[in-house]
Each structure stands twice: as C-alpha cells, then as structure tokens.
Amino acid sequence: MKLSREDVEHTALLARLELSEHEVEQLTDRLNQIMLHFEKLQQLDTDGVVPMSHSIPVENVFREDVARPSLSPEAAVLNAPEQRDDYFVVPQVVEV
Amino acid sequence: MDLYKLTAHELEALMKAGTVNSRDVTQSVLDRISSVESQVSAYLTVTGEIAMDSAAAIDERRSRGEELSPLAGIPIGIKDNICTEGTRTTCASKILHNFIPPYSATVARRLSDAGAVMLGKTNLDEFAMGSSTENSAFYPTHNPWNLTKVPGGSSGGSAAAVAADEAVIALGSDTGGSIRQPASFCGVVGMKPTYGRVSRYGLVAFASSLDQIGPLSKDVTDCATMLQVICGKDPQDSTSVDIPVPNFSLALKNDVQGLKIGVPKEFFAQGVRPEICESVWKALDVLKSLGAEYREISMPVMEYTLPTYYILAPSEASSNLARYDGVRYGLRSKHSPDVLKMFMRSRNEGFGDEVKQRIMIGTYALSAGYYDAYYAKAQKVRSLVRQAYDEAFKEFDVLISPTSPSVAFGIGEKSDDPFQMKLADVCTIPVNLAGIPALSMTCGYHDGLPIGLQIMGRSFDEETVLRTAYTYERNTEHHRNRPVL
C-alpha cells in the first residue's frame, strides 16, 4: 500500500494540521518509508488472537454523584489565548 | 563536602543527624546547576527561589522534631510533561510554551506532601516523542559523560540532571523506553514501574495505555525510596490499580541465591552492538557467581514489537494531542480568520516535525479503511507479546537484556533516517506493550560512555527487580562513577 499526496492531504485535514507544500512532500515520503516497516506485521498469523488495548483489565469506573471542589472559572480560563467574562473567546462560529 | 554529589539516602542521614539542613543541600545543588547547566542544558525551568523556600519550610519542620519522609528536603527535578501548579509546564513544545498548570499532577502533589524540594522542570523530546532530547522545541540536552553526545530520551533532561549532580533524583515518564534508555545513556538508575502502579493524573498524555511515570536516581536505594512515594491507587486515574504497595526498602537485599534469570536472545540481536552484549553477559556472570541461575530463551514475537509500537503509540497520540487547538491554552495562531483555520494553523505552528509526523501516522492508521490492517492488527500482536512474557515468567523470576543497542550516539547523528532513531528503543518497547516493570542500570562502559543493563519483572513484582538490581550494585562499582564536568 502506497500513500499518495492526496492521502496525506486528506489525513492532514482529519488531523487538523495545515501543512506547507514542503511538509506535504516530506511527509508523503517519510510516511511511506515508515509504512513499509509496518508491512512486517502481516507475516504474523493473528487469527483468533484477542486484541489488547490495555495491559491491565480496565472497566468503566463510577463514583458517587456528589459535588466535589473543582477549578474555579477564573483558574480554568487563565491560560486561554483570549478570554472574556470567564469564557473562551474564539473566532465567530455561527453565521448571523 | 560537596553535598550535591550525594544520594538521597546519604543526605537524609546527614540531615537527620543535624550535620546539614535542606537549605545547605538545596543551595549546593543550585550552585552546581549554576556552574554546569550552561554545558548540559538539562532544565527548561529552574525554580531556585521556590526551592529555597520549600527547603526552609522542611528545615523548620525538622527542627520542631516532626517525623519526616525520607525524601523530605531532598532536591529533585521533574520532567516538564508533569503538571506543576503555578510552574510553567511546556512538554518542550512551542504549543505549550506559556502554559501554567492550574493544578498539580498526583505525583507532584505526593512529592510535595513528602517534603521533596522541586528544583525545576527538565528538558525532553517534544511531548516525550523521541530518543535523544534533540526534539525539544527549545534546545537539546547534552550528555554529561561527553557533551557531544545525546543524553537519550525522551527523559534526557532528567537523566542528564541526575548524572551531572544537578538533581539528587528526578522523575521521568516512559512510553517506549523514555526513562530506561536515557538512564542507560547517562549512567544512572531508571525504572518504569508496572502500568497502573503510578497515577498518570497530570502527566500530559502521549499514549495513555503505555505511559508510566518513574524515577531516575544515582542508585537503587534512591529508586526504591522514590517509588515508595509515587506508587499507589489514585481516584483521579481510573487506570491506577488498587493493590497494596509493598515496602520497597525490604526488597533491597543483597541476595540472588536461586534467582532464575531468563535471557531472551532476540534482545541481543536486531543491531545490538557486540560490546553491549558482552557487557550484559558479564553482568549475568556476576549474578551467577552470587547464586543466580540464567538460561538463554527465545521470544520470537519480539521481532515484531517495533512496528507494533509505532502503530499503537502514534494512534493514541493522535487522539490525545487533538486537545491542542488554540482555544483553552497554549499557542493560538495570529492568523485565525475562522475556527477551522485557527485549529489547523495553531497546530501547524505549535507542533514540531516529529510530533506532526506521529499525529499523521496515528490519524492514518485509525482512519476508515485502514483500521483493521494497522491498529487492530497491532493490538493483536500486542496480545502475543504479553503472552510471550507470561509464558517466560512461569519459569523465570526476571528477564535480563541490554537496555539500548548502543551507547549514547552523537548529537545530530541520527536525525535523518526516521526509523534509525527508533531502533534505539528496540529493547525497551516490548516492556511497555506488556505493561511489566523494568529497570536500567549501568553494567559497563564503552568509549567512556555507560552501557545499560535492563532487568524486567512480572507485573507488580517491582520487588524482585529491585532485589536483583540492588545485589548487582552491591557487588560492583559502576554506580560510584560520575562524569567529570
């Protein structure tokens, strides 16, 4: 399987990365090199093997639905690039 | 006496006896930082004033006769992907260059509760992605044994700080070898505990199913002391495991009589240099002379762990790093005419090449049409890796291998070939896939650079790993060697 330039551009959009022309070229090349190494896995017979997502059994964990102290709104927005009245400010999203 | 050269347990004894106090110790290490940091660049942030204030507070408590933890008053470094309330935490990334966490990671809180004195935040490969600390967006760290060499990575700053006596102990994080490989390159002890032993709350996530925080220290005793403080269930991390934490100091026994050691031959192949193999075999013979038995075994699936890791880790990373979008914290592109462009430009300006590459690999591996061929396949191979370890640990108490295929390589030497650098992790990656504990310590030198020995143990059996390491340390002299700066 070989990645085309279009595959890379599409993946970059999914990943929300605006790549430069040069980066698209470089990544197409590098990703193809790396993908070659991945092909090795196809040699292994994994029929019937249960996929492992964690090394320990993980289940949903619930806690009592009681209020606990949490970050204040002021602390929560402290690192925001732009904020107003304890809200995060972003470019306009909705058409008016 | 040069206090900065001592281990935590030596310093604790002096402080208990009243010979010195934490301000003396902290000042000594801060002076050491002032004199060698321009050569090593182990830190991204040094918090000298905060450190002296915490030291004074501990001295005050000690003078009142309070019962204190063995880490009380000990100056430590913390890897800069572990959140510290009020102190900048950058992950060595431009995208978080100005991030000041509003809360502390559980490990940072536990350390501060224990009275440890934070000296500052150590350098790393951006978002812990790399094996040399050259991927830091700010500057590379230099290996204290030879300043033209890398310190390893991604916890290269922590390893170099401990090796250069710029910290008594440091915390790192290990996703594919990021504690053990730099420990190996810098000639210190580094341990990745069992997955689930240490809370990841407040550790900036790279690959959540693989990440684990652990210590880098000057000897095995300090490693055990640090483990004691950081291990344990945390309600804030649902993957931390609720099983009792043993008293690790009891594991520090000079005794390997009857210990069964497996030596997986695949860890001595795949480009591992002959001088490394030779040194590890010598260490095995030391353990044998002390009453342990070893036997070579084969774990053929280990040949497949590198591609498995380089599918799984970037997949998880692509999801974890989706949060950096210029909205709530970090860098926002000045050219953000609409929300989508703000996301895409902030991310492109904020992330370095290696991080972008891994996000791209992960996004591709998880995308429609390729999920089964890559991600699901790799998860199945991960099962096989775990099974291979389970099988080996039926017969053996620990497995021993090299930590890294070579000693520290030159700065700039491996930046061109994307897969060449990743080969540096070939011996450490399988441990993260399986979730087991492993420790690296020095077992020799080549060209004046330390060689690392890796001791792997059963899940939640850090004690046998520590006992093996402690016995080796007691019967050898490597841990006494320090680089000359």
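Predicted model: local features only at pLDDT ≥ 70, side-chain atom pairs only at ≥ 80, totals over all residues.
Residues are numbered from 1 along each chain as its sequence is written, while chains are lettered from A and ligands numbered from 1 in the order in which they are written.

E354(B) belongs to helix 11 of chain B, which covers residues 353-366; helices (H or I, at least four residues) and strands (E, at least two) are DSSP runs, numbered from the N terminus. With a relative accessible area of 16%, E354(B) is buried, a term that stands for under 20% relative accessible area, as against exposed for over 50% and partly exposed in between (1.4 Å probe, protein chains only). The side chain of E354(B) also makes a polar contact with that of R358(B), at 2.8 Å; such a contact is a pair of N or O atoms within 3.5 Å, of which, within protein, one must be able to donate a hydrogen and the other to accept it, and residues adjacent in sequence count only if both atoms are side-chain atoms.

Over all chains, the count of disulfides (pairs of cysteine sulfur atoms within 2.5 Å) is zero. For C91(B), the nearest cysteine sulfur is that of C83(B), 7.2 Å away, and C91(B) is buried at a relative accessible area of 0%. C223(B) likewise takes part in no disulfide, the nearest cysteine sulfur, that of C231(B), being 9.4 Å away, and C223(B) is buried with 0% relative accessibility.

A search of the whole structure gave two cavities of 30 Å³ or more, a cavity being a set of points, on a 1 Å grid over the protein atoms alone, where a 1.4 Å probe fits but cannot get out, with lining residues having an atom within 4 Å of a point. The largest holds about 90 Å³ of space, and its lining includes G187(B), K218(B), Y472(B) and R482(B). Strand 10 (438-446) and helix 15 (462-474) of chain B each supply at least two residues of this lining. The second largest cavity holds about 70 Å³ and is lined by 14 residues, of which A128(B), G130(B), S178(B), Y309(B) and D425(B) lie nearest its centre.

Key: Heavy atoms only, no water. 1 Å grid on protein atoms, 1.4 Å probe; cavity = no way out; pocket = protein on both sides within 12 Å on 5 of 7 lines; lining within 4 Å. Points joined across faces, edges and corners; volume = space filled by probe spheres on them.
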